[in-house]
Amino acid sequence: MSSDKSSWNRFARLKVSRKGVNKRLRKIEKGSLRHAHKFVMSRLDRLANVRRRVSIWVVLVLVMIGVSAVQWHVSRSSFTTMTYASGGSYSEGVLGPLENLNPIFAKTSAEKSAAKLLFSSLYRYDSTGNIKTDLADGVKVNDKETEYTVKLKKNLKWSDGHDLTINDVIFTLKLLANPEVGAEISGWRSIKFEKVSEDSVKFILPASYSPFVHALTFPIVPEHVLKDVKPSNLREHNFSKAPISSGPFAFRLLQNVTSDGSKKVLYLQSNIYYYGGTPKLDRFQLYVYPNQDDIVKSLRTREITGTPELIYNDQPAEVKAMYAAESHSLNNGVYALFNNNSQFLQSKSVRQALALSVDTGKLRQSLSLSTEELSGPILNKFLGKASQSLGYDTKKAKSLLDAEGWKVVDNARQKENVKLKLNMVVLKNNNYEKAAQYLAQAWRNELNIEVDVKVIDPNDASQNILQTILQPRNFDVLIYELSLGGDPDVYAYWHSSQATNNGLNFSNYNNAVADDALESGRSKLSLKQRFDRYEKFANTWKTDAPAIALYQPKFDYIHIRSVKALDEKTEVVNPVDRYVDVQYWATEKQSVYKTP
């Protein structure tokens, strides 16, 4: 019993003890909570306040950094600028074929483009369309204006490092004058030339010829590569596939893209020996296509950077979104050439009536390409338009026909039961054909003249336009484009001596007064004397109306918007003269400091 009692007492004490402990624990817990509330929670409030202040400071710092960045960018732009830099590659699409890289055999757009990129000449045209020196340093002319002595620049090189000398010039001239060579560049068989020093050549002309320096734009080829090649074998020589050059670019590789060779790529690299300075571009590629449709496809896929072969207004919206274009006048003229020997067009009055009934301004508006006004046989920029154009007067045109006995009978012009009917020939070309249809409609509607329009494809060998149309003058009216060049001399197209099978006077125009004016115009160096003669010729031409001047064409240079290519202010004599400043074309940009 006693043991039970003692056990109970120990349990009671333990119970009391536990109660005390629990009581004390509760007091401690309450004290801890009060302490936590007093010290921790109050500090958490202060911490939240600190966090807000820190966040505000962080935002302010970020704002200050942003403002500083903007200020730095603005201040940086005040003393730096983005400019085109050296390096990069340019790819241009041109029409082929490309069969020969020897420049004296260049015929197609692709071959002429390659020749201009690869080879230099004695003279070339500048960005204003004026003649200037290329490899030549200058020229001296004798008092009779029959001898031209041309001196070369110093330190000229070929792309393989060999010196380019006057011997190369003489060698090239001999090739051009040799009929066995069959060069595409003609006219040198009647010109004498001789080496007069180690850096000069003299040209001796049979008579004074003021535009002679324009003939010195032929490309020079290297004697040290071709001197041992027979003239008859020159076209097939390996040089025609992998030439040594003197122009802004040098040959790298010619690649056939298609099995039939219709599409090729000519790879060029900058010529470190080019006298005009190494081009900005490291590389230049000519993509050669068989037709314009393939060039349009290449624009859509951005395979090429630019092209001179298409009309920008004719392109789809997706192409216009990626590419820009500028129009450049060519020194060409599109004419309706009258065969002055044909049955109906021997009459001056009939030719005048045809000319007076055509509103060339409206005709130009109907075309898709850009054009300039062409008033007569000589470009307006040389002579103006006042003395060249008959104007537009359908009433006068009808009266001229009536006076000639061509009366309207049953809605057709007739004389002695013979209908006035014209055979018009036009080369296959969208804008040429539009011009032909415009003329035909005007003559039918305004003058009651029947017109038969025949389209000839110059690329169809079976039609052979030279032998079937041009040489025999097998037409009454021919829509044709004449290359007028960088000089006002148009002797080749209108002098009676050129009205032969092999001549370019396709109108068979023959007037003694016009002949005399053309002859004297090309025999004087004085610009005033020359233009006096050409004004006389133009007035005579206007009265005789051997043709209608329709328009001066422009060409569009289409290119990716971000690149620097043909400058919009550049005046182009021939399409290949678009490369006049090709050494400054660029595709890469960099930031540079502005000069003070």
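This is a predicted model: local features need pLDDT of at least 70, side-chain atom pairs count only at pLDDT 80 or more; totals for chains, interfaces and linings use all residues.

Trainee: What percentage of the 596 residues is buried?

Mentor: Buried residues make up 45% of the 596. Buried means under 20% relative accessible area, exposed means over 50%, and partly exposed lies in between (1.4 Å probe, protein chains only).

Trainee: Which residues touch the most other members in the largest nonpolar core?

Mentor: That core has 78 residues, and those touching the most other members are Ile104, Leu122, Trp188, Phe203, Leu216, Phe284 and Trp585. Helix H3 (residues 166-177) gives the most to this core, with 7 residues. A second, separate core of 68 residues includes Phe338, Val358, Ala397 and Ile479. A nonpolar core is a set of buried Ala, Val, Leu, Ile, Met, Phe, Trp, Tyr and Cys residues joined through side-chain atoms within 4.5 Å.

Trainee: Why would such residues group together?

Mentor: In soluble globular proteins, nonpolar side chains tend to be buried together.

Trainee: Let us turn to S14. How many of its residues are buried?

Mentor: In strand S14 (332-338), 7 of its 7 residues are buried. Asn332, Val334, Ala336 and Phe338 are on one side, with Gly333, Tyr335 and Leu337 on the other. In a regular strand the side chains alternate between the two faces of the sheet.

Trainee: And which strands does S14 pair with?

Mentor: S14 is joined to strand S21 (residues 477-483) by 7 bridges, and the two run antiparallel. Tyr335 has Tyr480 as its bridge partner in S21. S14 also pairs with S22 in the antiparallel sense, over 4 bridges, and there Val334 stands opposite Tyr551. Two strands pair if DSSP finds at least two bridges between them.

Trainee: What packs against S14 among the helices?

Mentor: Helix H7 is one of them: its buried residues pack against S14, and also against elements including helix H10 (394-403) and helix H11 (430-447). H7 (residues 348-356) is mostly covered, with 8 of its 9 residues buried. Among them are Val350, Arg351 and Leu354.

Trainee: A change of topic: is Asn505 buried or exposed?

Mentor: Asn505 is buried, because its relative accessible area is 0%. Asn505 is found in the loop between helix H13 (491-494) and helix H14 (512-521). Leaving aside neighbours within four places in sequence, Asn505 is in contact with residues including Arg473, Tyr493 and His495. Contact means heavy atoms within 4.5 Å.

Trainee: What about Trp57, buried or exposed?

Mentor: Trp57 is exposed, because its relative accessible area is 59%. Trp57 lies in helix H1 (residues 2-79).

Definitions and conventions
Residues are numbered from 1 along each chain as its sequence is written. Side-chain values use heavy atoms; hydrogens and water are left out.
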